[in-house]
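Please read it alongside the displayed entry.

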Amino acid sequence: MSALLVDKLDVVFGRFRALTALSLAVDAGEVRAVIGPNGAGKTTLLDVISGITKPLRGRVMLGDSLDLAKCSEAGIAKAGVRRKFQKPSVFPALTVYENLDIGCGAGLPASERAARIGAVLGEIGLEPRAHALAGALAHGEKQWLEIGMVLGSNPRIILLDEPVAGLSDAETERTAALIRALRRPDRAIVVIEHDMAFVEAIADRVTVLHEGRTLYEGGMRGARADARVIEVFLGR
Amino acid sequence: MSGAADSLPSPVNARPRRSAAWLHEPLLVGILLLILAACLVLVGLKPAPYVVNTIGQLAVFAILAVSLDLIWGYLGILSLGHGLFFAIGGYVCAMHLLSHAFSATGVAPDFVQFMGWKTLPAYWAGLTNAPYALFLAMALSGAVAFVFGFASFRSRVNGVYFSIISQALVYVAMLLMFRNDTGLGGNNGMTGFPLLFGYPMGSAAVTTGLALASLGALAAVLVGTRALVAGRIGRRMLACRDDETRLRTLGYGTTRLKLGIWCLSAMIAALAGVLYVPQVGIINPRVLAPDLSIEIAVWVAIGGMGRLGGAVIGAVAVNALKFWLSAAMPEAWPFILSGLVLVVVLALPNGLLDFASLRTKPTWLRNGGGR
């Protein structure tokens, strides 16, 4: 059974159709990359899944019963779906530790909180910076902190919007290792990315979007060989 | 100091202790000591009534400024209508004072005689009772704030739109209060309060008592709000201020947080209004004029927002200047105020707190630099 089922989504902004009858099934345990040229609808898809944008039609099913398209952003987060934004969205006036504390969610008992935050700090490698203000971090550190904020709540679905945008090669490699380490049988990870080498390094399957529709779904090798994908990516 | 905290690996599992949060803020400790000193001067030196009254009024304006800083500096919600909540407190207090005088002297208040009525309107019932009046002032301002805040925050009205609507709200209230048939004094407002708790208004004891009460209320409000913003709720407020969508997608309903702080802020403003009216001896719809509400934001901006103490400094500095200059050259005051705003915005983006390196730490939120 799919961990996350996106079913015939239509999203319209004014007269612009951002997504057209888009369907997508992500299985538990997989890392799915969503790729596509600018304006393909990748971020819109994440906006719908995380509740920021409401679709005109269609459903986003988490498990059998919960339709995320009908939930609030906070409700979706509480159901175990967490998102990292494209532009690092950490809280600059709070420390790294305090950011992770908020990332753990309101429901975690105080006794488990410190241990959880300590574990996440280790995973993202920011222990030495725990009490620095998030606003003072380097760009790459902000990206990792934001991934850490997502991890604090132990989510079932992780949505990562361009986690290596603006990172150096070394930082990209470290991020790839981090994402591979996040894979678990009961967790689905959806990554939006432009960097094809990075996608190949982390993704089990890729979905190629083009003008709000699915162009291709399958392995990265197949995507590279697909005539339509080549046409879209190399330009018309 | 923060540099040391950044470079040294610190035990991440130990949460910093946050007992008595105001103790960690030197600015706030300084202001609390000044308040204490002012109280001692009032009791010990017995200054002229004019001075006592001025100190009391400055304390009231400082409370009002802190109420605005709580939502503007920490939640990013700029209210240009906080005069409304101040006025609610002021009007209810005036109603209490007039009811009290009516029952003690038997002379109906002026506006009742003007309207040709024999008694006070029915909704004045019970207001001779001071605790009930205080409760009513708090409940009424809280309720008005709740209805307005709920409608706005639930519909996600934010930023400049919220500011404009809050301004419209105070304007509507002013038009309403200018009507003479509301039973609240109309355009003349309410004045002529002979008694406070049975003591003659204007006596040295009452004037000093009011100033002391205002200073005490300011200290309590500062300690209370500081405890609030230094704790978990305060961190959520800052997170909401800086990126509300992000906070929602981390599983926090921000509407409840904003609504709660908004209502609290309104009630603090109402408390300031309650303390203000007996000290100036009058309330009228001018308090609801939009420019007064804007001026509150100016105090906070000049003092430095998002640090509570900055609001106190701004309110006291601007109003002390106003007391002095508006007597010396009243027609120049609006120009001086505007000039002050321009200078502060251009030269001191964080208000007067930028001065004299009062910002010893770049991180105004963190309360213990060397942890």
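**Comments on the predicted model**

1. In chain B, helix α3 (residues 49-75) and helix α12 (residues 290-303) have axes that come within 9 Å and cross at roughly 75 degrees. Helices (H or I, at least four residues) and strands (E, at least two) are DSSP runs numbered from the N terminus; axes are lines fitted to C-alpha atoms, for helices over the stretch in contact, with angles running from 0 to 180 degrees between N-to-C directions.

2. Residues are numbered from 1 along each chain as its sequence is written, while chains are lettered from A and ligands numbered from 1 in the order in which they are written.

3. Which residues make the contact of α3(B) with α12(B)? From α3(B) come B:Phe61, B:Leu64, B:Ala65, B:Leu68, B:Asp69, B:Trp72 and B:Gly73; α12(B) supplies B:Ile296, B:Ala297, B:Trp299, B:Val300 and B:Gly303. Contact requires C-beta atoms, placed from the backbone, to lie within 7 Å. By class, these residues are nine nonpolar, two polar and one charged. Here Ala, Val, Leu, Ile, Met, Phe, Trp, Tyr, Cys and Pro count as nonpolar, Asp, Glu, Lys and Arg as charged, and the others, Gly among them, as polar.

4. Chain B as a whole contains 14 helices and four strands. Of its 371 residues, 46% count as buried, that is, with 20 or more other C-beta atoms within 10 Å of their own. Among chain B contacts between residues at least 6 apart in sequence, 80% join residues at least 24 apart.

5. Chain A holds an open sheet of four strands, ordered β2-β1-β4-β5 with antiparallel pairing. Strands pair if DSSP finds at least two bridges between them. β2 (16-27) and β5 (66-67) of chain A stand at the edges with a single partner strand each, so one side of each lacks a neighbour in the sheet. In chain A, β1 (residues 2-13) and β4 (residues 57-62) are joined by five bridges; A:Leu5 has A:Met61 of β4(A) as its bridge partner. Helix α1 (residues 42-49) of chain A lies across β1, β2 and β4 of chain A, at about 70 degrees to β2(A).

6. Between the chains, 24 residues of chain B are in contact with 31 residues of chain A. On the chain B side, α1 (2-7), α9 (232-242) and α10 (244-249) each supply at least two residues, and α9(B) gives the most, with five. That side has eight nonpolar, seven polar and nine charged residues.

Notes
This is a predicted model: local features need pLDDT of at least 70, side-chain atom pairs count only at pLDDT 80 or more; totals for chains, interfaces and linings use all residues. Two residues are in contact if their C-beta atoms, placed from the backbone, lie within 7 Å. A residue is buried if 20 or more other C-beta atoms lie within 10 Å of its own, exposed if 12 or fewer, and partly exposed in between; C-beta atoms are placed from the backbone.
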